[in-house]
Amino acid sequence: MKRSTIIEIISMLFIILFVYTAISKFMDFSVFSEQIATSPILAPVASWIAWVVPIAEILVSIALLIPAFRLKGLYASLALMLGFTIYIILILNFSPHIPCSCGGVIELMSWREHLVFNSFFIVVAILAIWLSRPHIARLSSSNSHS
């Protein structure tokens, strides 16, 4: 499979994930806001986080759609997934109460399933970023001419 095709598939996976979860959060915004407010980690910034997260998911999705911004969108996707994963690890290890503020069917996953899910997306983001690097493009084009 071509490098560019893999990058596009990974970008589309992130777009589907982020648009779906952002829409889910906006559709049940009051519930999402309340869930964030019950988080022992996020409570002090809950009103801010409740808006920033779904807006960031939409903005990252837009960046992934535009070829000139795709690499930045992949880095932002990686940052979001790392942030979500670190949050899950902190909640699992340091919180007696574990609120779920995910959107849609992702809310049905256990916290351990979330970690596996997020880990998959972290790995594919790293793969897409690595494949997007200019030296990789030069190597693959020089190998195909040999």
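This is a predicted model: local features need pLDDT of at least 70, side-chain atom pairs count only at pLDDT 80 or more; totals for chains, interfaces and linings use all residues.
Residues are numbered from 1 along each chain as its sequence is written, and side-chain values use heavy atoms, with hydrogens and water left out.

The chain has six helices and zero strands, giving the order α-α-α-α-α-α from the N terminus on. Helices (H or I, at least four residues) and strands (E, at least two) are DSSP runs, numbered from the N terminus. Of the contacts (heavy atoms within 4.5 Å) between residues at least 6 apart in sequence, 72% join residues at least 24 apart.

As for the surface, the chain exposes about 8,500 Å² of accessible area, and carbon and sulfur atoms account for 72% of that. Areas come from the Shrake-Rupley method with a 1.4 Å probe, and for residues only the protein chains shown count as cover. Of the 146 residues, 40% are buried, meaning under 20% relative accessible area, with exposed over 50% and partly exposed in between (1.4 Å probe, protein chains only).

One salt bridge turns up in the structure, defined as a side-chain nitrogen of Lys or Arg within 4 Å of a carboxyl oxygen of Asp or Glu. K25 pairs with E57, and their closest N and O atoms sit 2.8 Å apart. The pair ties together distant parts of the chain, K25 being in helix 1 (residues 3-27) and E57 in helix 3 (residues 46-65), 32 residues apart. K25 counts as buried because its relative accessibility is 6%, and E57 is likewise buried, at 1% relative accessible area.
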